[in-house]
Amino acid sequence: MTPKQGRSAADSHLPLTPATFHILLSLFDGERHGYAIMTEVAERTRGKVKLGPGTLYTSLKRLVENGVVEETGEQRRPDDDERRRYYKLTPHGRAVARAEARRLEEMLRLARTKRLIGPQPA
Amino acid sequence: MTTFSPRTPKLVRLVLGVFPAAFRTRYGHEIWQCIRDARRDLCNESFLLTIRFWIGIMADLGRSAGVEWCRSMSQQSYALALRRTAGAVLITAAFVNIAYDAISPKLRMGVLVALLTALAAVTGGLLIRNRPGEAP
């Protein structure tokens with residue numbers, strides 16, 4: 001797949017819902033299980049975004065079906081007494097996350113040109 | 001497999017039971033793990049916050065179940081339409097073949113074509129018929 005084809009394939013998933021984008025951001029650093037995604041999103045957004053388990057898993061199901069996220073199997077961490085299923089971004093998923101970030105950046109640029117918000121901080 | 005322990009609260013089991021079976025089988029246990037972890041992290045919070053937590057969880061699960069049902073039904077109806085179209089095409093092909101042979105007596109169908117026609121008719125009938133629990 002050429003970079004152009006890859007980009008258009010990634011663009012076909014856009015726009016992402018805020019919950020989906022937060023899940024992709026959470027998985028961008030590495031693999032996580034469901035509850036780790038929920039807590040990471042809540043911590044990163046200082047509690048402004050709280051993903052419920054239903055929202056999280058319906059989104060994850062769709063992302064797995066679309067090849068954006070993949071399961072890495074069940075693991076048990078030393079600090080955990082239970083096996084958990086971990087999820088990670090596929091290379092296509094990374095492209096989708098980047099494409100959404102670019103789309104949001106473009107929206108922000110347009111908002112700035114309309115003076116809807118102030119200039120970009122230095 | 002969904003294996004909810006007897007310690008899973010009845011209300012959670014009830015709400016998880018509202019999800020489509022395929023979703024529940026695949027993600028039910030993980031959802032319950034998440035709820036249990038979140039509940040554990042909340043253990044020292046006040047009674048009011050606990051009530052708020054459960055209301056939030058139930059609202060989220062109820063909303064997600066609705067979304068998941070809509071998605072699974074739209075996928076199901078698409079597959080159903082595709083299956084019935086294929087069945088109708090096969091039956092039509094069988095009838096057209098029989099009609100063609102009846103109209104042109106000189107071109108009697110051979111054993112192989114007769115078998116293919118019968119196979120197409122039977123397969124088409126199987127594809128078209130309603131399955132148990134399926135909307136007509």
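This is a predicted model: local features need pLDDT of at least 70, side-chain atom pairs count only at pLDDT 80 or more; totals for chains, interfaces and linings use all residues.
Residues are numbered from 1 along each chain as its sequence is written, and chains are lettered from A and ligands numbered from 1 in the order in which they are written.

Chain A has five helices and three strands, arranged along the sequence as α-α-β-α-α-β-β-α; helices (H or I, at least four residues) and strands (E, at least two) are DSSP runs, numbered from the N terminus. Of its 122 residues, 30% count as buried, a term for residues with 20 or more other C-beta atoms within 10 Å of their own, the C-beta atoms being placed from the backbone.

The contact between the chains takes 13 residues from chain A and 17 residues from chain B, two residues being in contact if their C-beta atoms, placed from the backbone, lie within 7 Å. On the side of chain B that touches chain A, α3(B) gives the most, with nine residues.

Helix α4 (residues 53–65) of chain A packs against helix α3 (residues 47–103) of chain B at an angle of about 25°, with the axes 7 Å apart; axes are lines fitted to C-alpha atoms over the stretch in contact, and angles run from 0 to 180 degrees between N-to-C directions. The two helices are therefore roughly parallel, the word for angles under 35 degrees.

| Helix | Residues in the contact |
|---|---|
| α4(A) | A:Pro53, A:Gly54, A:Thr55, A:Thr58 |
| α3(B) | B:Asp60, B:Leu61, B:Arg63, B:Ser64, B:Ala65, B:Val67, B:Glu68 |

Definitions and conventions
Angles under 35 degrees count as roughly parallel, over 145 as roughly antiparallel, 65 to 115 as roughly perpendicular and the rest as oblique. A residue is buried if 20 or more other C-beta atoms lie within 10 Å of its own, exposed if 12 or fewer, and partly exposed in between; C-beta atoms are placed from the backbone.
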